[in-house]
Amino acid sequence: MNPSQAMEEEAVDRISSLPKEIRISILCRLEIKDAVRTSALAKSWRHLWTLLPRLRLGCYLDRLGYPPSRGFPPPLAPSLWIKRVHHLVSSLRGPLLDFELSHYFRVGQSPLLQSLFDLLLKKGGGGVHSFTFSSHHGFPKYHDCVLLHLPSFPSLKQLTLYGCRILLPPGFPGFPHLTTLKLQNVFIFNDDLNLLINPSYNLTTLVMLDCASPKNPLSVNISLPLLTHLEFQINKYIKKVSVNSAPCLEEARISVEEIEVGDDSRLQKLARVTLGLLTSVATVTSLCLDNSAFKYLSVCTLPISFTFPRLRRLKLLLSIAFMDKRMCDVFLWLLRSMPFLEELEWESLHSTWTESDAVLMRELFLKRQDGLSCLDQTLKRVTMNMIIWDVMTSTTVVKFFLLNANVLELMKIVNWSSEVEASMIEELQKAKVTCSNAKVVICFHKEDVTINFK
């Protein structure tokens, strides 16, 4: 035996002497194919992989069933791949806590998948804490989408579903221990959706993106006593969404799908749904709105006396170049309704301007705004993440906050262009500043530049 072989055997012996729990933890960090191969290391490793508590299987998660090749190999056909997963799961001997399945599934694979999920239940599915299913086909038509009869895992805490149709079994008991529910590109009947959400009294995180009902539009009523995080995308399939009771809700992210120009009836419908959801999350401390949400709110009659009494942080995914007067009015309405706002983050990555856009922005923003409590008393930090080409126009919003925020301490600008450094610094040095303690930090590609106004 040469020295290198002796050293390798000694290393294997040291690892083999570790407690079983630690060796299983090591296997959890390997791809499943490599974990199975460790059975050849030594007797103490034989079939140890069958005690794995976590399986993450998919065309982007591991190489299960892939032939050896250089580079990233093409995935197996989904049906054959599911059969291999079935064989793998049938070999497990320990409790499976975390199961993730991801592939290019189609409706034809539904029976095979259902057989696999039934096997999970037989193999001790009562202990599954986390279940993730993803079908990578974007948002296919309803009848082309893989159908899942959702397994009733009694101990389930985290459920993530992407790109599928969902049916709940008769007498579905709910998931009483569920804390996280994430649905994206999912078809589900309205009654099943509300039966899935509201009996889950321990739910703290709810995410719904691009969801739809096979028949009637979805009407979502949320009553969850422990919910802290809500992310919801409104689309043409949503009739209504409202948070009826969520006393612990801290963070809400609201986005809306784009619709074709000229579809006024659908625009008005989405506007009503957007305003209804926004006003039902009034108790949050953190809020995020996207460009489309602003667009639809701009055609609504906004309630004058409405407030967010606890809100401290606002994030806007809003292209400044797309703002018109009505969207600017929505922006000022938000500031007026947030008397205790402390931090604002604005991400604007669109850079196309017209001369009329530039004139309008300067008219709307480069003037003093009175009667906004957050600007007078609480707003201390603003972050602008933007592409800057036209320095004078792009920095208009920055100048707005320097002019109006009386207690502003830090204005941070993350700049994604590379040829405006000197002109941008010069332009901001000429800005009118209300708070003498305000500091502007501009994050360029090479270094940060700080402007003090003392």
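**Salt bridges and a buried loop residue**

Lys315 and Glu345 are both buried (under 20% relative accessible area; exposed is over 50% and partly exposed lies in between, with a 1.4 Å probe and protein chains only). The model is a predicted one, in which local features need pLDDT of at least 70, side-chain atom pairs count only at pLDDT 80 or more, and totals for chains, interfaces and linings use all residues. Residues are numbered from 1 along each chain as its sequence is written, and side-chain values use heavy atoms, with hydrogens and water left out.

A salt bridge joins Lys315 to Glu345, with 4.0 Å between the closest N and O atoms (the criterion is a side-chain nitrogen of Lys or Arg within 4 Å of a carboxyl oxygen of Asp or Glu). Lys315 belongs to strand β13 (residues 313–317) and Glu345 to strand β14 (residues 343–348), so the pair ties together parts 30 residues apart in sequence. Helices (H or I, at least four residues) and strands (E, at least two) are DSSP runs numbered from the N terminus. A network of salt bridges links Arg313, Lys315, Glu343 and Glu345.

By this rule, the count comes to 9 salt bridges. Among them is the contact between Glu258 and Lys295, at 3.6 Å from N to O. Glu258 sits in the loop between β11 (251–256) and α7 (264–280) and Lys295 in helix α8 (residues 291–297), so this pair ties together parts 37 residues apart in sequence. Glu258 is partly exposed at 49% relative accessible area, and Lys295 is partly exposed at 27%.

Turning to a loop, Phe105 lies between β2 (98–103) and α5 (110–122). Phe105 is buried, with a relative accessible area of 1%.
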